[in-house]
Amino acid sequence: MDRAITDLNELTAEAERLSEDAFARRVALLEAAEDICEVLRHAGYGSRPALRRAQRLVGELEASNAAYCARLRQGLLRGSLTPAELRSELDRLTAYTPERRALHIEQEPADRLVDGIMRLERFRGSPTIEDRDFVHLEDSPVRVLLDLIDHVSLAASDCFFDLGSGLGRAALLVHWLSGVRARGVEVQPEYHAFADSLAGEFRLERVRFERADVRDADLSEGTVFYLFTPFKGRILDALWAKLQQEARSRAIRVCTYGAISLAAARLGWLHAADGDSPHEFSLAVWQAGPAAR
Ligand SMILES: C[S@@+](CC[C@H](N)C(=O)[O-])C[C@H]1O[C@@H](n2cnc3c(N)ncnc32)[C@H](O)[C@@H]1O
């Protein structure tokens with residue numbers, strides 16, 4: 001317990017010195033303070049005052065980072081935060097760089113920043129439609145989306161589709177950073193409703209969410225499709241057939257992340273855009289359509 005209290009004193013002193021924009025350091029202190037709470041919770045009755053202090057520190061760190069996110073949210077709402085400024089905020093909070101495309105595995109402060117800007121913690125819903133081939137909700141790491149923006153040249157004429165769009169995080173972020181039109185298709189009503197309200201809250205006219213099973217969705221507007229392993233089995237087979245059909249009339253790009261990339265590699269009609277072998281934890285970009293071979 002003595003060690004935990006010494007650490008707590010050091011964390012508290014450092015937290016007081018941090019500048020407002022020290023988001024990443026505050027995330028690190030927060031994680032350390034949460035660990036200290038865990039130790040003190042099991043250290044008996046005498047540790048209660050220190051536990052309360054550690055909990056207060058957690059609350060203060062969370063509040064400071066929430067205030068930072070709120071400032072950026074206001075900037076996005078007013079249009080005073082430019083895409084380049086948002087990008088540079090994210091670049092400060094990720095180890096990813098366009099030149100160093102390491103595997104995208106762990107959560108980073110950039111993920112917390114985006115969650116905070118969108119206030120995703122407000123979501124209290126749950127999936128209501130069951131199917132053995134659905135994959136549960138998990139948000140794409142921000143660095144995967146940065147990788148997509150850097151390595152898939154998005155033009156004003158493109159329309160980005162997130163297939164299995166969850167709470168809308170990927171579609172919103174890609175739109176904010178690139179300006180591209182974005183669509184999301186989500187089968188779960190509560191996820192879709194949240195994403196839809198988020199687009200409304202930020203008054204994003206070029207972002208739309210459809211509540212549908214991808215097998216029934218109209219994909220005809222899409223030029224860039226993104227899939228973070230949203231489903232498997234017969235739903236995935238049906239989606240591949242549908243995308244292949246779309247690619248008969250126009251060039252499309254398909255971006256995959258997760259186990260789905262290994263399935264995509266087995267399809268004869270999708271061609272790897274960058275020649276790298278696909279990996280579960282890196283973004284894979286594929287081309288299909290008249291000019292893709
Ligand atoms: C792994 S999450 C990805 C969320 C989001 N695309 C992202 O990258 O942050 C997969 C999402 O696909 C949705 N999903 C699963 N099966 C679906 C289907 N048949 N049609 C539409 N959405 C589906 C799930 O409900 C879940 O929200």
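Select domain 1 and domain 2 first: their C-alpha centres lie 35 Å apart. Domain 1 covers 2–76 and domain 2 covers 109–288, with bounds taken from an automatic or database domain assignment. The model is predicted: local features need pLDDT of at least 70, side-chain atom pairs count only at pLDDT 80 or more, and totals for chains, interfaces and linings use all residues. Residues are numbered from 1 along each chain as its sequence is written.

**Between the domains**

Show the contacts next (C-beta atoms, placed from the backbone, within 7 Å). Here 9 residues of domain 1 are in contact with 7 residues of domain 2. On the domain 1 side, helix H2 (23–41) and helix H3 (48–78) each supply at least two residues. H3 gives the most, with 6 residues. Helices (H or I, at least four residues) and strands (E, at least two) are DSSP runs, numbered from the N terminus. By class, this side of domain 1 has 7 nonpolar, 1 polar and 1 charged residues. Nonpolar means Ala, Val, Leu, Ile, Met, Phe, Trp, Tyr, Cys and Pro; charged means Asp, Glu, Lys and Arg; the others, Gly among them, are polar.

**The ligand**

Move to the ligand and select the 24 residues around it, of which Ser140, Gly164, Gly166, Phe228 and Pro230 come nearest. A residue counts as near if its C-beta atom, placed from the backbone, lies within 6 Å of the molecule. Helix H7 (169–178) and strand S2 (181–186) are the elements that give two or more residues to this shell. The shell divides into 12 nonpolar, 6 polar and 6 charged residues.

**Helix H7**

Stay on H7, where 10 of its 10 residues are buried. Buried means 20 or more other C-beta atoms within 10 Å of the residue's own, exposed 12 or fewer, and partly exposed in between, with C-beta atoms placed from the backbone. After H7 comes Gly179, with a positive phi near 80°.

Centre on Phe225: leaving out residues up to four places away in sequence, Phe225 touches Phe161, Leu163, Leu243, Ile252, Val254 and Cys255.

**Val152**

Finish at Val152, in the loop between helix H6 (142–151) and strand S1 (159–163). Val152 is buried because 21 other C-beta atoms lie within 10 Å. Not counting residues up to four places away in sequence, Val152 touches Val224, Arg253, Cys255 and Val285.

Conventions
Contact = placed C-beta atoms within 7 Å.
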